[in-house]
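Here is a note for a colleague opening this model for the first time. Please read the points with the structure in view.

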Amino acid sequence: MKKYMLLIVLLTCTCLVNTAYCQEPPAQQTDHQNSKNVIQKEENSKENNDKSLWEKIKGKKARDALLLGMWSIHADGTGEYFGDGRNNDQNHLIGIQYYGLTAGTFINSKDDRAYHAGLAREVYSHNFSKNTRFDIGYKFGLLYGYGDDLINVAGMSVFAGAYFGISWKRAGLDIGLIPAGIITANFRIDIDNLKWLGSF
């Protein structure tokens with residue numbers, strides 16, 4: 001009888017040991033693995049959000065266009081239209097945007113000929129109808145022709161500005177905001193997707 005009891009106890013212990021080693025990992029380990037997965041997903045989501053934010057800021061190439069005429073308002077009250085007339089507000093811009101680049105020439109606030117070249121980006125665009133569109137974008141690059149009126153190296157200065165545009169068919173008006181306290185307005189004629197450009 002003692003032998004049978006001892007045999008039953010040994011079999012029971014063996015079964016318990018086998019069960020202990022063959023079961024699923026403890027709940028804590030599973031929770032730890034789940035936590036790692038959640039952290040990994042959060043990191044991936046943050047990277048995607050950062051990338052998405054950068055993509056939004058970077059925008060896309062601005063539309064190909066001819067830029068004509070420019071008028072400005074000097075917020076410090078030194079302009080011709082809303083000020084004492086010390087600065088010129090009629091800028092006579094002639095320029096172009098092509099493949100995300102912009103370049104042109106205009107008469108600056110001191111009545112001197114100035115030139116600009118740089119990047120033109122569009123960060124938002126909305127079509128109100130088939131022919132009417134609203135855009136938001138920015139431009140930055142190099143500026144020549146201001147002399148000592150702006151910080152420069154060998155006459156070259158840096159410019160940057162935000163703009164929003166309203167278009168009807170291919171004709172548009174761009175309103176620009178320049179950090180120096182100047183608001184500009186110029187006409188635009190869109191030349192993107194014109195068939196004759198493909199012949200060049």
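1. The search runs on a 1 Å grid over the protein atoms alone. A pocket is an open set of points with protein on both sides within 12 Å along at least five of seven lines. A cavity is a set of points where a 1.4 Å probe fits but cannot get out. Lining residues have an atom within 4 Å of a point. Grid points are joined across faces, edges and corners, and a volume is the space filled by probe spheres set on the points.

2. The largest pocket has a volume of about 830 Å³. Its lining counts 36 residues, and Phe106, Tyr146, Ile178, Ile182 and Thr184 are the closest to the centre.

3. On the basis of the model: it is predicted, local features need pLDDT of at least 70, side-chain atom pairs count only at pLDDT 80 or more, and totals for chains, interfaces and linings use all residues. Residues are numbered from 1 along each chain as its sequence is written, and side-chain values use heavy atoms, with hydrogens and water left out.

4. Now the overall layout. The protein chain has two helices and nine strands. Helices (H or I, at least four residues) and strands (E, at least two) are DSSP runs, numbered from the N terminus. The order from that end is α-α-β-β-β-β-β-β-β-β-β. Buried residues make up 28% of the 200 residues. Buried means under 20% relative accessible area, exposed over 50%, and partly exposed in between (1.4 Å probe, protein chains only). Among contacts (heavy atoms within 4.5 Å) between residues at least 6 apart in sequence, 43% join residues at least 24 apart.

5. Which strands line the largest pocket with at least two residues each? They are E2 (65-74), E4 (101-107), E6 (132-144), E7 (156-168), E8 (171-178) and E9 (182-190). E7 gives the most, with six residues. By class, the lining has 18 nonpolar, 13 polar and five charged residues. Here Ala, Val, Leu, Ile, Met, Phe, Trp, Tyr, Cys and Pro count as nonpolar, Asp, Glu, Lys and Arg as charged, and the others, Gly among them, as polar.

6. The second largest pocket holds about 200 Å³ of space. It is lined by 14 residues, with Arg63, Lys130, Arg133, Lys169 and Asp190 nearest its centre. E6 and E7 each supply at least two of the lining residues. The classes are one nonpolar, six polar and seven charged.

7. The structure holds one cavity of 30 Å³ or more. The largest cavity has a volume of about 60 Å³. Its lining consists of Ala62, Arg63, Gln97, Glu122, Arg133, Asp135, Tyr163, Gly165, Asp174 and Arg188. E6 and E7 are the elements that give two or more residues to this lining. Two lining residues are nonpolar, two polar and six charged.

8. Arg133 deserves a look. This residue lies in strand E6. Is Arg133 buried or exposed? Arg133 counts as buried because its relative accessibility is 9%. Its side chain makes a polar contact with the side chain of Asp135 at 2.9 Å. A polar contact is a pair of N or O atoms within 3.5 Å; within protein, one must be able to donate a hydrogen and the other to accept it, and residues adjacent in sequence count only if both atoms are side-chain atoms. Beyond four places in sequence, Arg133 touches residues including Arg63, Phe128, Ser167, Arg188 and Asp190.

9. Next, the nonpolar core: a set of buried Ala, Val, Leu, Ile, Met, Phe, Trp, Tyr and Cys residues joined through side-chain atoms within 4.5 Å. The largest one has eight residues: Leu67, Met70, Leu93, Phe106, Ala114, Leu143, Tyr146 and Phe159. In soluble globular proteins, nonpolar side chains tend to be buried together. Leu143 touches Phe106 and Phe159, among others.

10. Thr78 sits in the loop between E2 and strand E3 (94-98). Thr78 counts as buried, since its relative accessibility is 5%. Its side chain makes a polar contact with that of Asp76 at 2.6 Å. Leaving aside neighbours within four places, Thr78 is in contact with Gly83, Asp84, Gly85, Arg86 and Asn87.

11. Last, Lys58 in helix H2 (residues 27-58). Lys58 is partly exposed, with a relative accessible area of 31%. Lys58 and Arg121 are 63 residues apart along the chain, and their C-alpha atoms are separated by 7.3 Å. Not counting residues up to four places away, Lys58 touches Arg121 and Tyr138.
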